[in-house]
There are 6 protein chains.
Amino acid sequence: MSNTPSQTPNAARPDGRTPQNLRTISLERNYTKHAEGSVMVRFGDTHVLCTCSVEDKVPGFLRGQNQGWLTAEYGMLPRSTHSRMDREAARGKQSGRTQEIQRLIGRALRAAVDLTKLGERTLKIDCDVIQADGGTRTASITGAMVAVADAVGKLIASGALVENPIKQFVAAVSVGVVNGQVVLDLNYDEDSTCETDLNVVMTEKGGFVEVQGTAEGDAFSREELNGMLDSAAQGITELVRLQKAALQA
Amino acid sequence: MSNTPSQTPNAARPDGRTPQNLRTISLERNYTKHAEGSVMVRFGDTHVLCTCSVEDKVPGFLRGQNQGWLTAEYGMLPRSTHSRMDREAARGKQSGRTQEIQRLIGRALRAAVDLTKLGERTLKIDCDVIQADGGTRTASITGAMVAVADAVGKLIASGALVENPIKQFVAAVSVGVVNGQVVLDLNYDEDSTCETDLNVVMTEKGGFVEVQGTAEGDAFSREELNGMLDSAAQGITELVRLQKAALQA
Amino acid sequence: MSNTPSQTPNAARPDGRTPQNLRTISLERNYTKHAEGSVMVRFGDTHVLCTCSVEDKVPGFLRGQNQGWLTAEYGMLPRSTHSRMDREAARGKQSGRTQEIQRLIGRALRAAVDLTKLGERTLKIDCDVIQADGGTRTASITGAMVAVADAVGKLIASGALVENPIKQFVAAVSVGVVNGQVVLDLNYDEDSTCETDLNVVMTEKGGFVEVQGTAEGDAFSREELNGMLDSAAQGITELVRLQKAALQA
Amino acid sequence: MSNTPSQTPNAARPDGRTPQNLRTISLERNYTKHAEGSVMVRFGDTHVLCTCSVEDKVPGFLRGQNQGWLTAEYGMLPRSTHSRMDREAARGKQSGRTQEIQRLIGRALRAAVDLTKLGERTLKIDCDVIQADGGTRTASITGAMVAVADAVGKLIASGALVENPIKQFVAAVSVGVVNGQVVLDLNYDEDSTCETDLNVVMTEKGGFVEVQGTAEGDAFSREELNGMLDSAAQGITELVRLQKAALQA
Amino acid sequence: MSNTPSQTPNAARPDGRTPQNLRTISLERNYTKHAEGSVMVRFGDTHVLCTCSVEDKVPGFLRGQNQGWLTAEYGMLPRSTHSRMDREAARGKQSGRTQEIQRLIGRALRAAVDLTKLGERTLKIDCDVIQADGGTRTASITGAMVAVADAVGKLIASGALVENPIKQFVAAVSVGVVNGQVVLDLNYDEDSTCETDLNVVMTEKGGFVEVQGTAEGDAFSREELNGMLDSAAQGITELVRLQKAALQA
Amino acid sequence: MSNTPSQTPNAARPDGRTPQNLRTISLERNYTKHAEGSVMVRFGDTHVLCTCSVEDKVPGFLRGQNQGWLTAEYGMLPRSTHSRMDREAARGKQSGRTQEIQRLIGRALRAAVDLTKLGERTLKIDCDVIQADGGTRTASITGAMVAVADAVGKLIASGALVENPIKQFVAAVSVGVVNGQVVLDLNYDEDSTCETDLNVVMTEKGGFVEVQGTAEGDAFSREELNGMLDSAAQGITELVRLQKAALQA
């Protein structure tokens with residue numbers, strides 16, 4: 001299931017996209033066979049394997065409260081990037097960036113699920129970057145949403161759950177200002193040179209779940225922020241459409 | 001140096017503030033004697049000791065480029081909080097939250113300093129929470145700005161620097177939606193119950209350095225976001241005024 | 001590039017193979033775009049992404065000796081397995097099994113390369129298991145050989161190397177005794193129930209690089225060992241043929 | 001609550017004290033608001049925040065024995081010292097010195113408390129050095145004693161304890177030989193240059209709890225040891241007086 | 001209890017042994033007093049202290065299954081080797097080599113014991129190398145077998161066990177190819193220069209428990225492998241004889 | 001080389017010694033072959049292998065200052081004790097007790113050596129407890145002194161050093177109060193039940209290097225301290241005599 005970005009050869013973006021174009025997005029379900037949900041999500045050359053595992057227990061602080069939990073972990077294969085990075089397992093700890101991202105993924109997906117309807121279960125999301133070209137955290141959230149839907153679907157199909165705990169879909173996209181222009185879904189080249197980088201997580205109904213903007217160079221103005229939020233909202237509408245289409249494929 | 005919040009006894013906020021009131025803010029310079037900059041910042045009952053240490057070297061990736069660096073670390077004393085937390089040094093690692101916050105402080109302060117005017121020096125900021133009552137990261141950034149100014153002032157006074165590398169002041173404040181109302185500078189009680197929590201770092205000129213918003217419960221709307229951004233901008237104007245007054249005291 | 005195992009529906013093996021059949025093997029080159037060599041190897045449902053990265057330096061103990069080095073790391077995605085495993089990066093250390101396997105992969109591939117013809121370069125191999133169904137270490141070695149060949153090919157194409165440092169191909173296969181019968185290339189079900197498990201790494205000329213046999217239940221006899229070695233040799237001849245075919249595709 | 005050291009301008013000590021003078025000592029109770037006991041102790045320019053937290057459980061080896069426990073942790077803020085030290089939480093482990101000191105603090109305070117009268121509770125002491133100028137471990141013990149008294153006082157006031165478990169006060173002081181003369185309560189300059197350094201923990205009744213002496217240069221004689229012990233005993237009498245006065249303030 | 005190797009002064013081996021000679025082997029029981037089994041094993045200048053400790057519990061995955069477990073740990077004293085090695089406890093982790101060896105020792109000894117006859121007990125083996133001269137892992141296995149026999153003997157003597165859970169003895173030896181000749185029980189000099197190194201663990205009845213062969217230089221042939229296996233089998237027959245003699249001493 | 005304690009069968013001590021008797025002490029030199037100094041020291045049933053390794057470099061903080069350094073590490077074999085302890089290398093860190101002891105050993109031995117006469121070399125001491133029965137730290141110091149003397153002797157014999165850097169011998173002993181009586185050189189049973197435990201390190205000339213006393217139960221008096229110091233001084237005179245005799249053997 002994928003979209004078809006319009007190619008405008010004479011546009012300013014390095015890969016020929018218009019400012020408001022997403023990259024080619026695909027969501028390949030059942031990519032691996034063991035996980036309850038397993039989705040290879042591709043935002044252009046950024047490829048992330050998102051799995052959702054179901055465990056029949058909850059962390060200690062929730063035990064006995066008749067509700068579930070959802071948590072996420074994130075990693076990059078050492079050579080998913082242009083130069084090889086150290087393997088975090090070998091270094092013996094996860095970087096601050098890794099922890100920041102996996103906490104974001106967890107918060108984003110918890111906004112999609114009514115944990116009180118999950119029973120005493122934990123949904124464990126793993127987002128592992130196979131190939132990186134910018135936007136790995138937003139691809140992870142967008143792909144993990146589909147993996148969660150598949151895992152929840154199996155719980156319903158097996159009779160373990162009666163009511164669907166998914167209350168709304170969430171998706172995420174990055175948006176930035178490059179050469180003074182707002183552009184959607186930055187690839188690595190754009191990400192490295194942009195003045196401002198904003199990651200937005202929204203629900204299918206248009207509510208904000210997370211807004212994280214950073215001025216890489218000069219501070220950004222309220223007008224730039226507004227332009228980026230408009231662009232992100234439009235991108236997320238398209239991403240949710242693709243998530244739902246993938247689930248019906 | 002401190003402000004005087006207007007107390008409106010019949011307002012909705014637990015401590016009697018109006019929605020747009022900051023807590024009582026104070027910035028006590030030269031709190032300890034060894035650091036080049038040492039500021040105890042207090043946002044109400046949140047007390048953070050911010051020091052800025054000058055080291056005459058830069059990390060490997062910047063060596064020989066005739067520029068400086070600025071980095072930050074953050075910690076909480078184990079009993080700065082309501083219940084005692086484990087000591088991170090004893091557990092053998094910093095939590096994801098700690099790393100997230102110290103990365104934010106570093107990015108925020110790097111926006112204040114022209115690193116190319118610093119020489120091959122590193123400014124090391126330490127923000128240690130002595131007592132926590134909500135908003136420790138925004139108090140840290142606001143206090144660290146003054147500690148950096150003091151450390152830079154000593155470099156200029158000693159002749160080590162000729163030109164002032166501080167290009168603009170930055171300050172930070174939290175803002176949230178509690179019971180449907182936008183409130184500024186949340187304390188712990190408000191932070192625990194708010195629907196949305198937004199941390200904003202801005203420059204003295206009104207530009208955004210960081211915007212980090214999270215829906216704790218339901219997603220938030222564009223209107224709520226706009227209201228929070230307006231409130232934050234006003235709070236930061238006041239905080240920068242207090243920073244500058246403290247430096248002239 | 002893949003082989004075509006003969007399916008014998010009434011054979012004893014769970015997936016219908018004859019005792020001497022390999023699983024369906026495929027070697028997909030250029031699977032990711034950043035690594036100098038990048039091969040997705042599949043032994044049936046066991047899928048391992050093998051990359052070979054070239055770094056222009058050697059470890060300290062080899063510096064200044066005008067020779068190269070080759071080293072390997074191994075990991076499993078948390079949900080590559082039937083039940084989710086803990087992420088090693090999150091636990092803060094690699095298991096003994098992981099270290100055992102990555103040391104084996106490194107030794108095996110060093111037997112393929114004349115390090116004195118590599119210049120002061122390190123070939124860093126990463127084998128990451130995307131989906132596991134038994135035999136991940138033998139698939140890793142077999143796939144990494146092709147990734148090394150691709151990385152070396154680029155060094156030659158770019159003129160960085162004049163002489164090919166690959167002196168011989170190596171491949172690896174597991175062999176075991178299940179219900180008293182020698183079987184080749186065990187999948188997970190067979191691996192879990194076999195009496196004896198032998199991993200063999202051989203060169204294309206039929207020499208042994210590594211032989212690692214373990215009696216899981218009762219000790220095994222010299223006759224069983226001989227039968228397993230015969231079977232492995234035949235399997236490796238086929239694997240080297242597939243490696244070479246993949247490289248010519 | 002503080003003492004008033006007699007200043008003898010022409011004495012040999014860098015800060016004008018006589019050999020037998022303590023530095024200015026103060027014990028500021030209720031320094032932070034969350035801990036059951038919270039004391040900022042100052043021995044001259046050495047400032048340590050000592051908190052005592054009450055937890056309603058005991059370590060595993062004491063469970064079910066109807067008695068309590070007391071344990072201590074110690075840390076230094078990175079820029080409490082003349083040059084910035086690495087943050088132990090960031091390095092991922094506590095130094096040997098840190099562990100040595102926190103074990104000493106724990107043993108010292110356990111001598112003050114009858115653990116069989118505490119119920120199944122743990123008193124957790126945290127001593128965090130805000131500013132260091134020599135003698136941080138002796139200041140920690142002296143301040144922690146007051147924090148323990150405050151925490152125990154709250155347990156009695158709330159009715160959780162009927163009988164006071166404090167059997168005697170303890171305090172600690174350092175003593176050394178500088179230029180052949182015994183001096184009490186060394187500051188950092190004296191500590192760095194002294195020939196011998198002795199830390200003494202005593203009870204209010206004059207019994208020894210800990211005696212730790214180290215020859216920094218040449219070995220020290222029995223006569224020097226006797227002189228140091230005499231001096232320490234006198235200093236501790238004064239410190240216990242100050243502890244009790246602080247608790248009555 | 002020791003053997004007497006025939007000394008052939010004009011043989012090729014550095015210490016005058018014939019190719020098929022073991023080094024002088026001794027097994028000194030009750031070397032330390034606390035462990036249930038405590039054996040100092042010496043293979044020439046390789047000295048390893050092997051203890052077997054009995055604990056009255058099993059790991060979680062075996063609880064309630066009415067069977068026992070056996071596990072092993074291995075270490076080298078820092079100056080057991082020619083140059084001092086870093087202490088693993090100080091470095092904060094065990095090397096891959098250490099983990100590989102302790103996993104091997106555990107698997108080898110589990111082949112000697114019928115765990116279902118042990119009750120819910122764990123036999124914990126510790127093999128600590130006091131002096132290293134090659135073959136520490138094979139000496140460890142050979143010595144640990146005797147320590148296990150002693151520990152089991154005490155369980156039987158005390159009435160804790162009625163039936164002997166030892167089903168067969170195991171021993172281990174290294175064998176290699178040096179200058180084209182198969183030699184048994186390599187010392188460090190031979191180990192460093194050999195073309196091929198094979199470690200073999202066998203039962204007293206001649207069955208294989210582990211076979212681990214590595215080509216250090218060129219690959220080795222089937223003929224060389226056969227020669228090494230023959231030599232190992234003969235060596236192990238002698239080692240088992242020495243184990244049994246030691247236990248009757 | 002060993003002493004002969006007088007056995008007084010009707011004395012109060014569990015092993016028949018008089019209060020002022022040392023245990024049987026032996027110092028076996030050249031216990032292992034690789035270390036420059038290697039001494040198995042035995043204080044009764046406490047056996048510690050002490051090695052001294054010479055390295056031709058110094059830590060960074062001493063580089064270029066034309067002086068040497070001496071440092072020590074300490075460990076216990078897991079089953080050196082009555083119940084098996086966790087292996088520190090497997091747990092991934094050294095305990096506070098271990099660090100306390102190895103710091104003590106280092107300080108004690110640095111008092112014996114004139115580091116300015118050592119050249120840019122480091123003496124690395126390793127004290128590994130093979131069997132523990134109380135007093136492992138004092139046995140370690142006493143044995144390490146002899147290992148240092150042997151290592152220094154080799155440097156002189158080889159011409160690497162001309163002048164002997166050993167300025168005085170040091171030895172250590174424990175002393176305690178058991179049932180109100182001062183006893184020398186406590187074994188484990190006495191150590192576990194004593195009221196007070198004092199470890200003393202002295203030079204051959206009777207100077208104190210370290211005095212570390214801890215009240216295990218009630219505080220101890222000045223009279224008890226004096227009695228213990230007298231007893232320790234007498235024990236150390238005997239230990240230095242045994243050290244020197246061992247070196248002449």
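By what turn, and with what RMSD, can chain C be laid on chain A? A turn of 180° does it, with an RMSD of 0.0 Å and a shift of 0.0 Å along the axis. The two copies are thus related as by a two-fold rotation axis. This is a predicted model.

**Chains A and C**
- Of the interface residues of chain C, 100% are also interface residues in chain A.
- The copies therefore meet through the same surface.

**Chains D and F**
- Chain F can be laid on chain D by a turn of 180°.
- The shift along the axis is 0.0 Å, and the RMSD is 0.0 Å.
- F:Gln212 has the C-alpha nearest the axis in chain F, 2.2 Å from it.
- Interface residues of chain F are also interface residues in chain D, at 100%, so these copies meet through the same surface.

- E:Thr81 sits in a loop of chain E.
- That loop runs between β4 (69–76) and α1 (88–91).
- Is E:Thr81 buried or exposed? E:Thr81 counts as buried because its relative accessibility is 15%, and the cut-off for buried is under 20%.

**E:Thr81: contacts**
- The E:Thr81 side chain reaches the backbone oxygen of E:Ser83 at 2.7 Å.

Technical notes: Residues numbered from 1 in each chain as written. Chains lettered and ligands numbered in written order. Predicted model: local features only at pLDDT ≥ 70, side-chain atom pairs only at ≥ 80, totals over all residues. Heavy atoms only, no water. Least-squares fit on C-alpha atoms with pLDDT ≥ 70 in both. Contact = heavy atoms within 4.5 Å. Helix = DSSP H or I, 4+ residues; strand = E, 2+ residues; numbered from the N terminus. Buried < 20%, exposed > 50% of the residue type's maximum accessible area, 1.4 Å probe, protein only. Polar contact = N/O pair within 3.5 Å; in protein donor to acceptor, adjacent residues only side chain to side chain.
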